[in-house]
Amino acid sequence: MDKRPSETISEFLDFLETSDQEYSAAYADIGREDSKVQTFLHDIEFAQNKNERNKICTKLQLSRKARRKAKDKAMLYENVHKFYADKQNQNFLKALRRLLNEQTSEEKYLFGKREFKNRVE
């Protein structure tokens, strides 16, 4: 027995919470990169010469690559995020947390120091 059941349950709950946070962070990154596009387009429009335009276009290209990376990350965690956010699954998640607490208490008893106390003196 390498892992206790409570550890596996805890890891699963942590995975769900972390995946939800990763999705939200990636989605925020997508929004930030999208807002940069307008700035780059205006900068290109008013660039004084070819070299300045090229520098701005390189920044635009890097921004689009960063957006693609964030979008891929969001897509990777999208299904887990939907599962975690779904109202119908909230009862299941509450039950898992309750199970984790019960299992942890049981494991503390089973693997902790147990003493017998005489009831009769």
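1. Is S6 buried or exposed? In this predicted model, S6 has a relative accessible area of 8%. Residues under 20% count as buried, and S6 is therefore described as buried.

2. The position of S6 in the fold should be noted next. S6 belongs to helix α1, which covers residues 5-45. Beyond the neighbours within four places in sequence, S6 is in contact with L100, Q103, T104 and E107. Helix α3 spans residues 90-111.

3. The side chains of S6 and E107 are joined by a polar contact of 2.4 Å.

4. A second point of interest is the packing of two helices. Such a pair is described by the angle between the axes and the distance between them. For α2 and α3, the angle is about 85° and the axes lie 7 Å apart. The two helices are therefore roughly perpendicular.

5. Which residues of α2 and α3 meet? On the α2 side they are F83, Y84 and A85; on the α3 side they are Q90, F92, L93 and R97. Sorted by class, this contact comprises five nonpolar residues, one polar residue and one charged residue.

6. The mean pLDDT of the protein is 93, and 99% of its residues reach 70 or more. Among the elements, helix α2 (residues 50-85) has the highest mean pLDDT, at 96, whereas helix α3 has the lowest, at 93.

Technical notes. Residues are numbered from 1 along each chain as its sequence is written. This is a predicted model: local features need pLDDT of at least 70, side-chain atom pairs count only at pLDDT 80 or more; totals for chains, interfaces and linings use all residues. Side-chain values use heavy atoms; hydrogens and water are left out. Helices (H or I, at least four residues) and strands (E, at least two) are DSSP runs, numbered from the N terminus. Buried means under 20% relative accessible area, exposed over 50%, partly exposed in between (1.4 Å probe, protein chains only). A polar contact is a pair of N or O atoms within 3.5 Å; within protein, one must be able to donate a hydrogen and the other to accept it, and residues adjacent in sequence count only if both atoms are side-chain atoms. Contact means heavy atoms within 4.5 Å. pLDDT is the predictor's confidence in each residue, from 0 to 100. Axes are lines fitted to C-alpha atoms, for helices over the stretch in contact, and angles run from 0 to 180 degrees between N-to-C directions. Angles under 35 degrees count as roughly parallel, over 145 as roughly antiparallel, 65 to 115 as roughly perpendicular and the rest as oblique. Ala, Val, Leu, Ile, Met, Phe, Trp, Tyr, Cys and Pro count as nonpolar, Asp, Glu, Lys and Arg as charged, and the others, Gly among them, as polar.
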